[in-house]
Structures are given as C-alpha cells and as structure tokens.
Amino acid sequence: MIKILHPLLCYYPSQAGGPANTLYWLNLALDKARFSTTVLSTDFGLDTESSLTAVSKKVINPTHHVQFLKSRGIEFLKIGMRSINEGDIIQFSSIFFPPTLPLLIRAIIKGKKVILSPRGELYPAALKINSFQKKIWVKVIRIFQTKIHFHATNDFEKGIISEFFPRAKGVSVIPNFVKISKKQENEFIENQLLFIGRINPIKNIDLLIKAIAKSQNVLNRKVKLIIAGSARLPYEIAYQKKLIQLVKDLNLRESITFIGHIQGPEKDKLIASSYALILPSQSENFGNVVLEALAQGTPVIASKNTPWEILEEHNSGYWVTGSEEAICNSIVQIINLKKHDYLRMRTNAYSLCSSKFDVDSNIFVWENLYKNLTNV
C-alpha cells in the first residue's frame, strides 16, 4: 500500500482555499486497497471552536486520516517531521506555506518521493506580494529541484514551473477534479450574475463592478450581481471596503449585493439559480468555482488570465480578455442569447464538467502518477 502525506494550510470542511476540497475529493476517490492518505492541516478556515473540536482528529475511513492543528509553527513541524517517517510520498500544496520548506528538506533527506503543487503561486501577479521573501524561498527550493516532482493544473503553469525549476525531476499536468454535486433543478433567475471567491485584489472584482455598470447602460436595464465570499486578511478587508464604496459611487446599491461566505447546498442552489458565473481574475491557476458552476449547468465567463479556453470550445461560456470592456461585452452577449441557445449552453456546461472533471472517472490519473513515482 502506498502511503501519502499531505501537510497543508487548510482542508475540508474548511472552505478557505481551493485545495481544501480538491484534495479531500482526491483522497476519498483513491483505491482504498492500494493507497492510504494522512492529512496534517491547520485550523485555517474553521471559524468556530465547535467545528474545530468536531474534526480535530478523525479517521474518515480506514485509509484516510486527518488531523487539524491550531499551530502552523513548532507543533506543526514536530508532528510533520514524525509523519514523514511513515509516508512514501509527501505531497505539498504550496511553496510558500511556512512549514513546506523544512518538511520538504526533511522528506528529501529521508529519501521520500516529493510532489509539490505551486497552485498559481509562481504566477507574476501572485509573486508581487512579499516578492523579496518569495525570491529567497524559490532559490532555496531550486537547490533541491532534482528531487522534486512538480504538479501543474494547466499547461501554462507547467511552462512557468519549468522556467523556475528547469532541472526538476518532472512536471505533471493534472487539472483539479471535483465530486459532482447533485444538480439542482431550480429555474434560473433572469439577469442574476454571480461571483464566488475570496475578496482579494487578484480577483479583479472592482473591474467586474465597473463592467456591470457599463453593461446596464448598454442593456438599458438593471443587471444584478451577487458577490459571495469573505475577506480574511487585512489587505483583503481594506479591498472589500473599497469595493463597497465603488458600488455606492457608481449608484449600484440596488444592483450589487455582498452576501459573505456561502457553502454546501445553499451554495449549489445559488449557483444553479444564477444566469452565469463570472471569474474576472488577474491570475488564476485553475479556479474550482468554475467547476462548481459547470456542475450545476451554469455557464461561466472567465478572463484569459485563467486556464478556461475550454469553455468556448464546448460552448459552455466565454473566455475573454480581462478588461472592463470585454467583461461588459460578454455580459451583454449572454444576457441577449435566445432562450434555446442559452439552455443549450447550460446543457453543455454540465456535460463538460461530468466528462472532463469528475474525480471518480479520472482518479486513475493520480493513481498512475503515485505508482510511477514509487515504482509500484
């Protein structure tokens, strides 16, 4: 049996980052006769003491163990160092998560197989934040690159990884897979558009708000936008305040609503009842929320700073430049679709997700990678 250890910042039921769900679904789908997984996570995104207590340490199934810690410092490192001894593969989901570097070095010294998923952290827009510290971090990891197998979620990210780590042991491109939720049968709400994600400048929400204002002028009617997500870090909280003021300045208070964090069936219902989801990010290595939308048959408008060209290939939405004008034009275009064309787009969206991104149908990709790395 191949034993895999995941040291990471957050894990389901936390909704504070894409890997929280992606890795949870991956671990549940693995062949339980051949693979076992141990997850060591912080409590990031577990907002109440009761939720942390309920999941602080548990066995989800005999081959899937999860432990949550309040610390991402010494305690996390101590437990992580011990856990490495028991693993065959150590899989990291962030370069810049503080425990990653010492645990990675420990894993290499112990002769373990290492997988490292930057998950967009090497994109130019992401590197701008704390850039000096990140440059040092990358230089240190470059010393060990021949012992590291990298994971990219798209071909563009693979190119970036190869530039930073040209002598890496390997780079595999595997998209995020999802456990497809039960498709809601709600009728969609006319003109209701949706953004779901962190309230973070990299998400370009200010540009989306301006595009909504412009599209209302073109359509000569109100287009409603729901913004779902939370601001956790200080600079995100400051950004949210700017967005609220922008909505006031553009006289959009009746058209744009901030509803905070949302998850579970309530989230699925909101997505299913929305005319389209919009992801206008400056940079995105994947965007799990796109899959969540497609799984409900909801078309998506995504910027070309995201790896979602496949939306147009399958007539499931639009892939446009990340500009105010382009986002506005795509909003006008989808609102003006004839009913039968729009319903066809919804059907295509669900088909795309179920055929290309369902974790149960595609788990063999990860299983083959694990087996190849361990020569099993």
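A residue is called buried here when its relative accessible area is under 20%, and exposed when that value is over 50%. In this predicted model, R346 has a relative accessibility of 11%, so it counts as buried. R346 belongs to helix 14, which covers residues 339-356, and its side chain comes to 3.2 Å from the backbone oxygen of G297.

In soluble globular proteins, nonpolar side chains tend to be buried together. The largest nonpolar core of this model holds 52 residues, and the members with the most contacts inside it are Y11, L294, V300, W308, W366 and Y370. Apart from that core lies another one, made of 36 residues, which include L208, L252, I327 and V332.

Which residues does Y11 touch, once its neighbours within four places in sequence are left aside? Y11 is then in contact with A20, L23, Y24, N27, V39, S41, H64, V66 and F68.

An α-helix has 3.6 residues a turn, so residues three or four places apart point the same way. After helix 16 comes N375, whose phi is positive, near 60 degrees.

**Backbone features in the loops**

Y12 and P13 are joined by a cis peptide bond with an omega of about 15 degrees, and P13 sits in the loop that runs between strand 1 (2-8) and helix 1 (18-29).

The loop of N204 lies between strand 9 (192-196) and helix 8 (205-219), while that of N251 lies between helix 9 (234-249) and strand 11 (256-260). Is each of these asparagines buried or exposed? N204 is buried, because its relative accessible area is 9%, whereas N251 counts as exposed because its relative accessibility is 60%.

**Cysteines and a summary of accessibility**

A disulfide is a covalent bond between the sulfur atoms of two cysteines. A search of the whole structure finds 0 disulfides. C10 counts as buried at 6% relative accessibility, and C353 counts as buried at 0%.

| Residue | Relative accessibility | Class |
|---|---|---|
| R346 | 11% | buried |
| C10 | 6% | buried |
| C353 | 0% | buried |
| N204 | 9% | buried |
| N251 | 60% | exposed |

Technical notes: Residues are numbered from 1 along each chain as its sequence is written. This is a predicted model: local features need pLDDT of at least 70, side-chain atom pairs count only at pLDDT 80 or more; totals for chains, interfaces and linings use all residues. Side-chain values use heavy atoms; hydrogens and water are left out. Helices (H or I, at least four residues) and strands (E, at least two) are DSSP runs, numbered from the N terminus. Buried means under 20% relative accessible area, exposed over 50%, partly exposed in between (1.4 Å probe, protein chains only). A polar contact is a pair of N or O atoms within 3.5 Å; within protein, one must be able to donate a hydrogen and the other to accept it, and residues adjacent in sequence count only if both atoms are side-chain atoms. A nonpolar core is a set of buried Ala, Val, Leu, Ile, Met, Phe, Trp, Tyr and Cys residues joined through side-chain atoms within 4.5 Å. Contact means heavy atoms within 4.5 Å. A disulfide is a pair of cysteine sulfur atoms within 2.5 Å.
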